[in-house]
Amino acid sequence: MPDSTTLILEKICFQVLKDCALAYFVTDNLGRITQWGGNLSGLNIPAPEKETHISDLLLFMEGILPLKSKSMEFSCIKMPSKVGVDALLFKIDNGYGLIVWDTRKKEEYLTRTQQECNELSLLIEKQKNRIIHFADKDTQGKYKNFLEDFFQALNFVVLEMNDQGHFVLIGRPPLWVEQIPQSSQILAGQAYKEDAFSFLGNFIQEAKSRWLKNHTRSFKSGIWIEKDHTDQEFLFEATAVDIHGRKLLIIAHDVCHPNEKQSIIQKGRDLALHYHNLKRSDQKLKNMHDELESRVKKRTKALEEANLKLANELKERKKVEKEREEVFRQLRQSQKIEAIGTLAGGIAHDFNNILSGIIGFTELSILEAESGSKLKQRLEKVLHASDRAKELVRQVLTFSHETSYEKRPLKLKLIVTEVLTLLRASLPSFIDIEKNLQSNSYILADHTQIHQVIMNLCTNAWQAMKEKGGTLRIELDDIDINPEDPIEKCKSISGRHLVLTIKDTGCGIPPDVIERIFDPYFTTKDKDKGTGLGLSVVHGIITKCNGCITINSQVGKGSEFQIYLPSFDAQNEAKTIEEPIPLGNNETILFIDDESFQTEAAEQLLPRLGYRVVTSNDSIKALNLFLNEKENFDLVITDMTMPKMTGKTLAKKILEIEPDIPVILCSGYSDDIHPDILKDIGIKEYLMKPIGMKDLAHAVKNALQKNE
């Protein structure tokens, strides 16, 4: 095509028709693109390469070429890019020309037309009652001519079914009826069978069937296409209505705009083309299906062989998975205990700090109180209660952490009595406690651990009776175990022992549960009521004490735990001689703690012990003070956990300044304090809060003596 022609086409596309995106294509007789131009981007059409087939670029051209007629129009085609286009295909010398433009304006027109049709439908619906009135049999003669004129004005064909099931044409038929070969001989007022209206297809039989079943709701046929003698296409739509017993078929011609009609025709062609493509693909699908069937048969055989192997592996995997779940469950429980330990540590630190103040000021008050006065007696009770609280914190830390235990001679009878006193306050009134404590012997164990063992077993016992009540009985006695006649389940122990028996009259324990009752994390309680650690810990403590624990239980009658602990001869133990409180020689102590009540207590307590004291609540200021006046201080006492700078870091910096000065580190609780770490830093003493006056005096004296 000459260059001048190309320039003209480009001008038309981009300037003359700038409001309507337009593109053109030129192909050879085989449909291969030889030239193109126009606003392809406005139509979301990618630029083709030469020799590209037009159907590869525009899907609606599939199967259209070669063109039988001179030209062909396309209307309202939806492209894959969602753009609607019209197109004109025409023959040229040695090929074809194709012009494509968008249908935005047409769609806007069709939208407005559809809106107008909807409004007209609503108007007709409103007039329905009037038409019904006109159709009444009593006024049929009066309004007959009106109905005929009304239907003719609307260009409708109206057929009425009579009592014999035949159809009568009402009024004169419109001119377009004569153009349909099947209906050209139909006359007004004559009755015809439904065969005479074959152009209505199955719709007339469906309408008749519904009416015979007394269905009165109207329904439509949908749009269909008929051709006249000249092969021109017409669009029709029929509606079946029942108006006061009159059964009418109303047939409308040209139910849509010509452009919309062309769109419907084109969509029909598109569907036909799509069907052709599907049919052409059917053979390919069949071949693929046969190939898949062959592969499936081969694969099925291989899968059957693998399935047997997999079944065996799956059985083994389930076993491993069950073991893994048990390990994970135990891990989760241990993580919970670890979290409890972390929480307990934080609480212990704050609580011990508070106890330090209580103990310190109480001891000062006792020193100032008159001997034998009621005030002094009360203060001594406060001090005793504070010591109990101190021991309680130690028990919490012992339970939640692997802390070191201190074994010492213990009179088991006193610990049992202490536990029962605490337990009685928390037990319901419908649970009785009976005790028979005959033994006064000693055992060698940690006080906190034995307290924990008795409390755990007694708690489990009363929980087993909380539904119906009962009796908790505790017995303590001495026993000599003959190695030739050992106790069942405790055959490894012999000699002099104490036996502690804890009985209940509760629900009892099933035999299958007894076998696992001392396993870690095993529990029969709800998830929110037990961790499964209690009896496991009890068993571990008794074992560490070289003892043994047994259980006997009957469901519905109760349970009995017996603990055997080696008797310890405490008569030869040296009696503890209470040492006097050592006093200082007017040495100067730098005391650092971020809590003001701690420093205030130190300011009053240390001078009574024979020392001068300088206090600070800020670790940074204390470091600067020591840096400027290091020669004035003989010893430093610092808290571990402080803002800005920890006591450990402060001690390290002070020792870098003055390596010979003794340092005492105090803490309510800290995981990172280890004797080796303190030794490496150079710290002489470590005190665990709360600190009593006696402990503080001995620690200060020892630190000063170590430095001499």
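**Charged pairs and their surroundings**

Modeller: Glu-321 is partly exposed, its relative accessible area being 32%. On this scale buried means under 20%, exposed over 50% and partly exposed in between, with a 1.4 Å probe and protein chains only. This is a predicted model, in which local features need pLDDT of at least 70, side-chain atom pairs count only at pLDDT 80 or more, and totals for chains, interfaces and linings use all residues. Residues are numbered from 1 along each chain as its sequence is written, and side-chain values use heavy atoms, leaving out hydrogens and water.

Biologist: Which residue does Glu-321 pair with?

Modeller: Glu-321 forms a salt bridge with Arg-324, and their closest N and O atoms are 3.8 Å apart. The term requires a side-chain nitrogen of Lys or Arg within 4 Å of a carboxyl oxygen of Asp or Glu. Arg-324 is partly exposed at 45% relative accessibility.

Biologist: Why are Arg-324 and Glu-321 separated by about one helical turn?

Modeller: Because they are three residues apart in helix 8, about one helical turn separates Arg-324 from Glu-321. Helices (H or I, at least four residues) and strands (E, at least two) are DSSP runs, numbered from the N terminus.

Biologist: How many salt bridges are there by this rule?

Modeller: The count comes to 16 salt bridges. Asp-28, Arg-32 and Glu-51 are linked in a network of them.

Biologist: Which parts of the chain does the pair of Asp-478 and Arg-496 link?

Modeller: The side chains of Asp-478 and Arg-496 meet in a salt bridge at 3.6 Å, N to O. This pair links distant parts of the chain, with Asp-478 in strand 15 (residues 470–481) and Arg-496 in strand 16 (residues 495–504), 18 residues apart. Asp-478 is partly exposed at 23% relative accessibility, and Arg-496 is also partly exposed, at 43%.

Biologist: And Lys-689: what is its salt-bridge partner?

Modeller: Lys-689 forms a salt bridge with Asp-593, with the closest N and O atoms 2.8 Å apart. The two lie in distant parts of the chain, 96 residues apart: Lys-689 is in the loop between strand 23 (685–688) and helix 18 (693–706), while Asp-593 is in the loop between strand 19 (587–592) and helix 14 (596–608).

Biologist: Are Lys-689 and Asp-593 buried or exposed?

Modeller: Both Lys-689 and Asp-593 are buried. Lys-689 is also joined to Pro-690 by a cis peptide bond, with omega about 0 degrees.

Biologist: Where else is there a cis peptide bond with omega near 0 degrees?

Modeller: The bond from Leu-65 to Pro-66 is cis. Pro-66 lies in the loop between helix 2 (54–57) and strand 3 (71–78).

Biologist: Changing topic, which residues make the nonpolar surface patch?

Modeller: Leu-343, Ile-347, Phe-351, Ile-354, Ile-358 and Val-382 make a patch of about 500 Å². Patch residues have over 30% relative accessible area and no salt bridge; like charges are joined within 9 Å and nonpolar side chains (Val, Leu, Ile, Met, Phe, Trp, Tyr) within 5 Å. Helix 8 (residues 258–368) gives the most to the patch, with five residues. Phe-351 is in helix 8 and is partly exposed, at 31% relative accessible area.

Biologist: How do the axes of helix 15 and helix 16 cross?

Modeller: The axes of helix 15 (residues 619–629) and helix 16 (residues 647–657) come within 11 Å and cross at roughly 10 degrees. That makes helix 15 roughly parallel to helix 16. Ser-619, Leu-623, Phe-626 and Leu-627 in helix 15 meet Leu-650, Lys-653, Ile-654 and Ile-657 in helix 16, where contact means heavy atoms within 4.5 Å.

Biologist: What does Thr-27 touch?

Modeller: Not counting residues up to four places away in sequence, Thr-27 touches Arg-32, Ile-33, Thr-34, Ile-54, Asn-94, Gly-95 and Tyr-96. Thr-27 is in strand 1 (residues 22–27) and is buried, with a relative accessible area of 6%.

Biologist: Lastly, how many helices and strands does the protein have?

Modeller: There are 18 helices and 23 strands. Of the 708 residues, 40% count as buried. Among contacts with a separation of 6 or more, residues 24 or more positions apart account for 60%.

Technical notes
Accessible areas come from the Shrake-Rupley method with a 1.4 Å probe; for residues, only the protein chains shown count as cover. Axes are lines fitted to C-alpha atoms, for helices over the stretch in contact, and angles run from 0 to 180 degrees between N-to-C directions. Angles under 35 degrees count as roughly parallel, over 145 as roughly antiparallel, 65 to 115 as roughly perpendicular and the rest as oblique.
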